[in-house]
Amino acid sequence: MVLKGKSKFRVIHPQSLNTDQQKSLAELYLPLMGQQAYALYHLLNAEGYFTDEINTISRLILILDTNIDGINESFKILEQFKLIRTFYNRNTELLHFEIQFPMNGSDFLMQAAFGRFFIKKMGKLQYRQTSKLFQVKELSEDDLEITSNFDVSVLKDWDDENERSFEELRRKLYETTHIEFDIKAFVTGYSTLLLPSSLRTKDNLKMIAQMGTVYSIDIPTMRKIVAQSVNIDEGTIDMEALRKRCIAVRSKGAQSNPDDYDVTPVQYLYNLKGQQEVEPWEKKLLEEISMEYHLSTEVTNYLLRYVYENHDKRITSNLTKAVARDWSVHNVTNVEQARDYVNSLSKKSKSSRVPDFTIKKTPKEKVSIDEIRSRIFQEDGE
């Protein structure tokens with residue numbers, strides 16, 4: 001949608017940014033977005049604190065000393081970098097700009113498109129230097145959404161060498177904080193004919209342990225999977241083949257109390273669904289949560305229960321990832337914190353005005369937070 005000077009808007013959900021988020025915006029987003037988009041984000045966030053205030057785009061043009069083309073370009077950039085979501089209400093002809101938190105530094109640099117774009121624009125040296133600034137931190141939808149997606153055409157000249165460099169840098173940056181697979185027991189007594197010593201590198205064993213943890217693979221099964229993924233003649237191990245084999249393993253897990261979060265996420269989801277098979281897309285979702293948001297096992301399991309019980313006993317990718325990102329941003333590290341955070345949101349929802357674009361309503365209609373949630377986070381086709 002092309003904005004016009006007379007277009008009316010309201011900003012919702014302004015965010016109070018902490019120091020790490022401010023640093024991420026300045027060190028990572030600013031070099032890639034440019035000063036005008038950066039300034040627009042902060043201006044919109046400030047505008048959001050004037051409750052119920054409706055303004056026109058011309059106000060933003062005046063404050064930023066730009067023109068309508070510049071404003072449209074900046075909005076497009078902010079949408080592509082997932083810093084705002086844009087909604088349009090046809091009845092009121094009013095735009096709503098929903099402010100989003102910036103990603104933390106480590107996640108930004110490892111994100112498929114953003115990380116590559118940073119290397120392409122800033123170079124490998126700046127990628128390495130900038131990543132050091134964030135490594136010390138623990139990696140811890142009824143209006144039509146018209147937000148733009150990231151334009152991957154900026155990477156059209158990305159070649160194999162760039163890809164190798166990016167994967168190497170990302171591998172070095174990524175550190176899993178919650179590996180529970182016993183890699184020492186896995187290696188002990190495991191024949192070198194099946195896994196040669198040359199392949200027992202720190203990175204390879206770390207990936208095996210990660211896959212074992214994420215997909216809830218026991219040691220005997222993992223040994224078979226690894227052996228099937230090794231090419232003895234070439235002296236290589238196909239990690240993508242290993243991942244696919246892990247995903248194909250049938251779920252296992254004895255019936256347990258839903259309050260027992262001390263099991264692997266695959267096992268917990270298996271039990272949560274009444275001992276029904278965990279689908280491949282669900283396993284991939286759990287891996288994505290593990291790699292991108294770095295939640296502990298118990299928090300991940302509590303998250304699964306929270307989504308399942310509040311979304312018609314279903315797990316959907318959009319809602320699960322949205323909650324995972326939110327909990328990661330708010331440094332939720334254990335079940336007690338997760339429970340307290342959920343309760344605080346519930347109390348806040350009862351006292352806060354619900355944006356009119358999120359619901360269809362008559363003047364006296366009351367809509368529950370669960371209904372609002374289900375309308376915002378739509379099933380994405382799994």
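Helix axes here are lines fitted to C-alpha atoms over the stretch in contact, with angles taken between N-to-C directions. I needed that before looking at any helix pair. I also kept in mind that this is a predicted model.

**Entry 1: α11 and α12**

I started with helix α11, residues 219-229, and helix α12, residues 239-248. Their axes come within 9 Å and cross at roughly 145°. I looked up the hand as well, and the crossing of α11 and α12 is right-handed.

Which residues make the contact? From α11 I noted Met 222, Ile 225, Val 226, Gln 228 and Ser 229. On the α12 side I have Ala 241, Leu 242, Arg 245 and Cys 246. Sorted by type, the residues of this α11 contact with α12 come out as six nonpolar, two polar and one charged.

**Entry 2: α13**

Next I checked helix α13, residues 265-272. Seven of its eight residues are buried, so α13 is largely enclosed by the rest of the structure. My list of the buried ones in α13 reads Pro 265, Val 266, Tyr 268, Leu 269, Tyr 270, Asn 271 and Leu 272.

**Entry 3: the whole chain**

I stepped back for the totals. I have 18 helices and seven strands in the chain. The chain has 382 residues, and 46% of them count as buried. Its accessible surface comes to about 19,900 Å², with 49% of that belonging to carbon and sulfur atoms.

**Entry 4**

I took strand β1, residues 8-12, as my way into the strands. Four of the five residues of β1 are buried, which leaves this strand mostly covered. It pairs with strand β2, residues 55-56, in the antiparallel sense, and I have two bridges for β1 with β2. Opposite Lys 8 I found Thr 56 in β2.

How many bridges join β1 to strand β4? There are five, and β1 and β4 (residues 94-99) run parallel. For Val 11, the bridge partner in β4 is Phe 97.

Then I turned to strand β3, residues 84-89, which is mostly covered too, with five of its six residues buried. β3 pairs with β4 over six bridges, in the antiparallel sense. One of the partners I wrote down is Leu 94 in β4, for Asn 89. I also noted that β3 and β4 form a hairpin with four residues between them. Glu 93, in the turn of that hairpin, has a positive phi of about 55°.

**Entry 4: α6**

For helix α6, residues 112-122, I listed the buried residues: Ala 113, Phe 114, Gly 115, Arg 116, Phe 117, Phe 118 and Ile 119. Gly 123 follows α6, with a positive phi near 95°.

**Entry 5: Asn 18**

Last, I looked up Asn 18, which lies in the loop between β1 and α1 (19-33). Is Asn 18 buried, partly exposed or exposed? Its relative accessible area is 33%. Buried needs under 20% and exposed needs over 50%, so Asn 18 counts as partly exposed.

I then took its C-alpha distance to Phe 101, and Asn 18 and Phe 101 are 10.0 Å apart in space. In sequence, Asn 18 and Phe 101 are 83 residues apart.

Conventions. Residues numbered from 1 in each chain as written. Predicted model: local features only at pLDDT ≥ 70, side-chain atom pairs only at ≥ 80, totals over all residues. Heavy atoms only, no water. Axes fitted to C-alpha atoms, helices over the stretch in contact; angles between N-to-C directions. Left-handed = near helix turned anticlockwise from the far one by under 90°. Contact = heavy atoms within 4.5 Å. Nonpolar A, V, L, I, M, F, W, Y, C, P; charged D, E, K, R; others polar. Buried < 20%, exposed > 50% of the residue type's maximum accessible area, 1.4 Å probe, protein only. Areas by Shrake-Rupley, 256 points an atom, 1.4 Å probe, with all protein chains shown as cover. Pairing = 2+ DSSP bridges.
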